Amino acid sequence: MIHFDNVTKVYANQNRPALDHVSVDVDKGEFVFLVGPSGSGKSTFLRLVLKEERPNSGSIHVAGKDLSKLSNFKVPHLRRRIGCVFQDFRLLPNKNVYENVAFALEVIGKPRRFIRKVVPEVIELVGLEGKAHRMPEELSGGEQQRVAMARAFVNRPMILLADEPTGNIDPATSIGIMKVLDRINRTGTTVLMATHDAAIVDSMRKRVVELEDGKIVRDQSRGVYGQAY
Amino acid sequence: MRANFIFSEVWIGLRRNLTMTIAVIVTVAVGMALLGVGLMINSQVSKLTGFWSDKVELSVYLCTKGSPFEPCKNRGAVTQEEKGNLEQTIKALPDVERVQFENQAQAFKNFQSTESNTLLLSVTKPEDMPESFRVKLKDPEKADAVESSLKGQPGVSNVVNERNLLQSVFGFMDTLRNVALGIAILMVIAATLLIGNTVRLSAYNRRRETGIMRLVGASNIYIQLPFVLEGLIAGLIGGVLSGVILIIVKVFIFESIQTYMAAPLGWDTVAGVITGTMAIGVLICVLASFVTLRRYLRV
């Protein structure tokens with residue numbers, strides 16, 4: 001599903017590569033934690049999957065497509081197959097829960113009938129039934145992140161990227177978020193989650209890929225966060 | 001594509017940047033109106049030139065008694081013989097189409113009908129008016145040659161090319177046109193920069209929305225279209241206003257000077273000018289939005 005082959009990324013005006021000859025394979029339906037300290041290259045990895053950045057060398061395949069051969073014109077179509085969740089939720093403050101989720105479908109031109117059918121379903125999937133008409137400011141952090149997950153998943157993407165989704169949420173609420181991610185993973189969606197949260201990684205017992213200074217230092221199935229932290 | 005979604009985005013954008021939008025509309029309206037006025041003056045001048053070029057004549061004025069012109073000093077009025085010779089000379093010139101003699105009585109009559117200064121009218125007698133030959137040329141461009149060959153002939157006080165009199169009027173209108181076009185170009189530049197700024201503000205105001213649109217895979221057209229439409233709508237409103245200004249200019253200025261202008265400016269010309277300036281206004285707005293978008297809304 002995601003295939004990195006010897007990928008190196010150096011940002012302009014920086015000597016040290018953000019990713020240094022990284023090769024990794026993520027299969028369909030896998031749940032992978034991407035761990036490592038700040039600046040180790042986790043976010044760069046996610047940005048490369050989305051083709052927001054281009055690698056300096058190496059090749060990247062996502063959902064069967066070679067990203068170097070994907071024209072800019074087709075990048076939006078790639079992104080429709082990838083859902084994204086962030087630490088800061090990125091909800092639209094002037095739209096309610098339903099509208100925030102529906103926005104993702106409206107802007108890719110889905111018919112209204114389809115939107116009316118699937119948005120309530122996905123709101124229920126993330127456990128926000130009955131809160132469809134709340135505004136983001138009326139929700140707790142955990143609830144806002146659920147809205148963000150509903151928006152990321154409403155288009156049934158093949159891959160879900162989560163960049164520190166529990167970074168702004170207390171540990172008790174984080175468990176709920178992880179349950180939703182697990183539920184999404186069980187529908188066959190590949191989930192790639194970058195995180196600092198050792199407790200969560202340890203409790204989930206999923207595959208762990210650890211980055212340090214842009215290099216993969218560990219790739220372990222059913223792993224833990226690591227003793228060093 | 002969901003039209004109502006795009007239009008609600010456009011509406012939100014226009015409302016958020018209301019002052020900038022108004023600035024764009026006003027600049028486009030004034031700029032395009034000036035451009036239109038310039039074009040209207042231009043077509044008025046060319047119409048007038050066409051109308052007058054088959055009417056202009058050379059006036060060969062003859063000496064009267066006590067004429068102050070240099071060639072007539074130290075001599076009396078033109079003699080009958082000199083008049084006869086002159087008429088033969090003029091008729092012999094190859095560029096002359098026909099020649100007509102205007103005597104003092106006729107000249108006085110023309111003077112009375114055109115002069116409005118009553119004091120001057122009351123003191124002028126028919127004897128004060130010079131006699132003249134009215135020379136119609138085959139080709140008005142040859143006037144200078146004919147003029148120089150007739151100047152200095154005995155009995156000729158002065159040769160006046162009527163075209164030169166008109167030329168000063170045309171020259172004035174040319175200046176007017178150039179000023180209008182010059183200001184129009186400045187306004188177009190100002191409008192382009194303003195639109196660039198408006199789009200930039202708009203893109204900044206909506207960076208959350210556009211960021212999310214990018215993430216969920218909205219196509220570039222879908223993301224950019226609301227911004228370009230904002231430019232288009234502002235340009236269109238500005239264009240309509242400039243059309244209104246041009247109609248006002250036509251009714252209140254061009255119509256009122258039409259009494260002096262033998263060739264009136266038709267509504268068909270005005271309609272053409274309005275359509276043209278509106279098209280240019282809208283085009284500039286759309287292009288300016290598009291170019292700035294490429295810089296501030298990387299997809």
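**Asking how we know**

Guide: Here we go, and keep in mind that this is a predicted model. Where the two chains touch, chain B puts in 15 residues and chain A puts in 14 residues.

Visitor: Which elements give two or more residues to the side of chain B that touches chain A?

Guide: Those are α8 (207-215) and α9 (220-254) of chain B. The most comes from α8(B), with six residues.

Visitor: And what makes a residue on that side nonpolar, polar or charged?

Guide: Just the residue type: Asp, Glu, Lys and Arg count as charged, for instance. Sorted by type, the side of chain B that touches chain A has eight nonpolar, four polar and three charged residues.

Visitor: How many residues of chain B are called buried, as a percentage?

Guide: The figure is 35% of the 299 residues in chain B.

Visitor: What is the make-up of chain B in helices and strands?

Guide: Chain B has ten helices and four strands, in the sequence order α-α-β-α-β-α-α-β-α-β-α-α-α-α. UniProt, in an unreviewed entry, puts "transmembrane region" at residues 21-41, 179-200, 221-249 and 269-293 of chain B.

Visitor: What does the model show for residues 21-41 and 179-200 of chain B?

Guide: Residues 21-41 of chain B are 100% helix, with end C-alpha atoms 30 Å apart. Residues 179-200 of chain B are also 100% helix, and their end C-alpha atoms lie 32 Å apart.

Visitor: Over to chain A. Why are β2 and β5 of chain A said to stand at the edges?

Guide: The open sheet there has four strands in the order β2-β1-β4-β5 (chain A), paired antiparallel. β2 (19-26) and β5 (65-66) of chain A each have a single partner strand, so one side of each has no neighbour in the sheet.

Visitor: How do you know that β4 and β5 of chain A pair?

Guide: Pairing takes at least two bridges. Strand β4 (residues 57-62) of chain A and β5(A) have two bridges, antiparallel, so they count as paired. H61(A) sits opposite D66(A) in β5(A).

How values were computed: Residues are numbered from 1 along each chain as its sequence is written. Chains are lettered from A and ligands numbered from 1 in the order in which they are written. This is a predicted model: local features need pLDDT of at least 70, side-chain atom pairs count only at pLDDT 80 or more; totals for chains, interfaces and linings use all residues. A residue is buried if 20 or more other C-beta atoms lie within 10 Å of its own, exposed if 12 or fewer, and partly exposed in between; C-beta atoms are placed from the backbone. Two residues are in contact if their C-beta atoms, placed from the backbone, lie within 7 Å. UniProt positions are given in the numbering used here, feature names are shortened, and annotations may be inferred rather than shown by experiment.
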